[in-house]
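Let's walk through this one together, a piece at a time. Have the viewer open and follow along as we go.

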Amino acid sequence: MLTFISQIINGLNQSAVLLIATLGLLIIFGLMNVINMAHGEMIMVGAFVTYIATSILNIPFLIALVLSFVVTALFGALTEVTIIKKLYSKPTETILATYALSIILKEIARIIWPLSQNVNMPFPGTISLGGVIVPRYNIFVVIMAILLLTFTIIFFRFTKFGKKIGAITQNRQMTECLGIKTSTIDTLTFAYGAGLAGIAGCILAPTTGVSYDMGSTYLTDSFMTVVVGGVQSLIGAAFSSTIIGEGRTVLAGVSNDTWAKIMIFLAVIILIRFKPEGLFAKERR
Amino acid sequence: MKMKRIIALAASMVLMASLAGCGSSASASKGSASSGSSDSSSGDSIKIGVLFSSTGSTALVEKTMTDACTMAFDEINAAGGINGRKIEYIHEDYASDPAKCTEKIKKLIEQDGVVATVGCYTSASRQATLPTLKDDDSLLIYPTYTEGEEVHPNVIYVGCMPNQQATDFIPYLMQNVGKKVFLVGSDYVFPKTCNKQAKALIEQNGGEVVGEEYAPLGQTDFSTICNKIKDSGADLVYSTVIGDSNTAFYKAYKQYGLDPAKCPICAIGIDESNLQAIGADYAEGNYASMPYFSTLDTQASKDFVEKYNEKFDDGTVVTVLTESAYSSCYLLAEALKKVDDPTDTDALIKAFAGVEFDAPQGKIKVDEYNHSTWLYSRFAKIHDGKFDIIYSSDEAIRPEPWPAVLYPKYKDTNFMPDWNDPICYPQ
């Protein structure tokens, strides 16, 4: 029984990791319709920023967290202005461009850091909750996931900026007619999405290490979470990452990791067969 | 409507990308990167193929193996070559893709006319070359440690067999660490075959297997496995986890409250390239077994590490695989010296029997019968982010492709079935 409870708690951690890794993609893919194949590499950029900050420059982890957001967001803004902006109406070309970008980033990282690098665990140790041992870092990850989700929801629902993005998503031309500079908002939204991917990289770095090929693992998982949750729904992403994370961990507890992975993918295929718009689809005109 | 199309498009791209990540890299170079002079009419040099990836998922490891081969062949040439003839090595990149490996070995043998090839990293890539080697009657020198239970007449296995990692290691662990063992591995053939042998050895030495778990390749969440280890009451974890998953595993291990001082991870799948990423704190106190560690304190080993680091200052480190690729080239050179006509493959294979080389790890020798190599057994305890060698066998240990502990019937036939037996290699 204790093990089962412990599995559920571990599942929360995995769900939080999944949610953090997905948020950035949700914004770029869900709100801007850009299929960002370089999402995984943006996570990698954030992770390498964390590595450079904490392991080489000895900057505290929490400041590295902010740095990874800022640097990746700037990088995202640059990408948007130079590459993505010209391609909004051409999804196929966007895929090619971002895929190319992902390869370029990966290869550059490989030349500089051929080996996987270590980021020290910022909050080592465990706490015991009635016999269940929980790593401190996991608690931090779950709190971060909740904070990022809440902040993003508030940002998009209740601020003027967020409402403008909503308007653009619904009808770009009409929004432009109303005198809103869609171009600037696009850049900022893309930058915010990229920055979130950077934070994901930072949070993943202490547990998985930092390597040039770390991104590809999370690309598939993130797209899966977005599609299951419903492409434009932040709440949907929270639900789907919880279902997938908990499902995987609990199933792995009763069978093993390989089977858990197979079952989850099977469930996802069945789900999108019958509900292709995801669990929390928004009404679209 | 448009949204659905985009989702479909995204889904197919993600699928493609993840497939690409699995091994085949569509963008890999088609051109042949060849070193050495490409004058095909030079009758005086001996042509040797070097077949390792420079692109794709396993390129990083294979790059150090290519480098080691370059270093070895340059040294052999500088020392006068093979009976006065220079070695001309031709490098081909198979882009971490077994299908491409078949194509490239064909090219090396049929177009370039190499007398033998040093190469391949994964078992899948090696097995992709086997039909061609047989049809074209050529030879492959394979430097990677392997799971055994395969002996091909056209392959010389220089990497270690599981018995060379386990037969000394497991009794030591039973006596000095504990009897209750939890087996953890990556989910594919190498860990499963090695663990089969480990289980037999554990039981033979009075130990007990209290659990067995496999994680998919590339897994980064080890919380469930750590929980199961905790519940099992194990004294030690015998690990065959491979690659970068190790970082997540070692970190999760301590994060979830398991203590290497009480229950160490004893691994046969980690080397120097993993240690940096795991970090000194998390690697501390765990064990590893390999024929060679770059911390080996002998002149030959120190010279080798120094030479490599001087020549290839690119962030890579010397591992057992680098050493093995280097030794493979020298063993091949020694065998070539014994034959009159290097293109006579049968004679060359015969010449390999009993060939010796003073490798960085010590004196090694190709077995007279089973095409595998006598190597040292060494194990180390990790301290301060380095392998502290705590045991070295006095001399090289005989390889057992079909280990005696599992297949007593092959004990008197050089640890392998008859050469004509179809179970010798995948047909």
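Predicted model: local features only at pLDDT ≥ 70, side-chain atom pairs only at ≥ 80, totals over all residues.

## A walk through the model

Ala95(B) belongs to the loop between β2 and α3 (98–111) of chain B.

Now zoom out to chain B. Its secondary structure comes to 14 helices and 15 strands. Of the 427 residues in chain B, 56% are buried. If you take the contacts in chain B with a separation of 6 or more, 71% of them link residues 24 or more positions apart.

Next, the sheets. Which order do the strands take in the open sheet of 5 strands in chain B? The order is β2-β1-β3-β4-β5, and the pairing is parallel. At the edges you'll find β2 (87–92) and β5 (155–157) of chain B, each pairing on one side only. Neighbouring strands of this sheet are turned by 25° against each other on average, direction ignored. Helix α13 (residues 320–338) of chain B packs on the sheet, where it touches β1, β3 and β4 (140–142) of chain B. The direction of α13 makes about 165° with that of β3(B).

Inside that sheet, look at how β1 (residues 46–51) and β3 (residues 116–119) of chain B are joined: they run parallel, with 4 bridges between them. One bridge to pick out is that of Ile48(B), whose partner in β3(B) is Ala116(B). In general, strands of a sheet pair through backbone hydrogen bonds, either parallel or antiparallel.

Strand β3 of chain B also holds Gly119(B). Why does Gly119(B) count as buried? Because it has 32 C-beta neighbours inside 10 Å, and the cut-off for buried is 20 or more. Leaving aside neighbours within four places in sequence, Gly119(B) is in contact with Gly49(B), Val50(B), Leu51(B), Phe52(B) and Leu140(B). Thr66(B) is 53 residues from Gly119(B) in sequence, yet the C-alpha atoms of the two are 8.4 Å apart in space.

For the antiparallel case, there is an open sheet of 3 strands in chain B, in the order β11-β12-β13. Its edge strands are β11 (356–359) and β13 (373–374) of chain B, each of which pairs on one side only. Between β11(B) and β12 (residues 362–366) of chain B there are 4 bridges, in the antiparallel sense. To locate one of them, find Glu356(B): its bridge partner in β12(B) is Lys365(B).

Which residues of α12(B) are buried? They are Ser301(B), Phe304(B) and Tyr308(B). Looking down the axis of α12(B), you'd see the buried residues fall within an arc of 65°, so they line one face of the helix. What covers the buried residues of α12(B) includes α2 (59–78) and α13 of chain B. On the other side of α12(B), Gln299(B), Asp303(B), Glu306(B) and Glu310(B) are exposed.

Last stop, the place where the two chains touch. The contact takes 46 residues from chain A and 44 residues from chain B. On the chain A side, several elements each supply at least two residues, including α4 (91–112), β2 (132–135) and α8 (182–208) of chain A. The biggest contribution to that side comes from α1(A), with 7 residues. By class, the side of chain A that touches chain B has 19 nonpolar, 23 polar and 4 charged residues.

Methods: Residues numbered from 1 in each chain as written. Chains lettered and ligands numbered in written order. Pairing = 2+ DSSP bridges. Axes fitted to C-alpha atoms, helices over the stretch in contact; angles between N-to-C directions. Contact = placed C-beta atoms within 7 Å. Buried ≥ 20, exposed ≤ 12 C-beta atoms within 10 Å, placed from the backbone. Arc of directions from axis to C-beta. Nonpolar A, V, L, I, M, F, W, Y, C, P; charged D, E, K, R; others polar.
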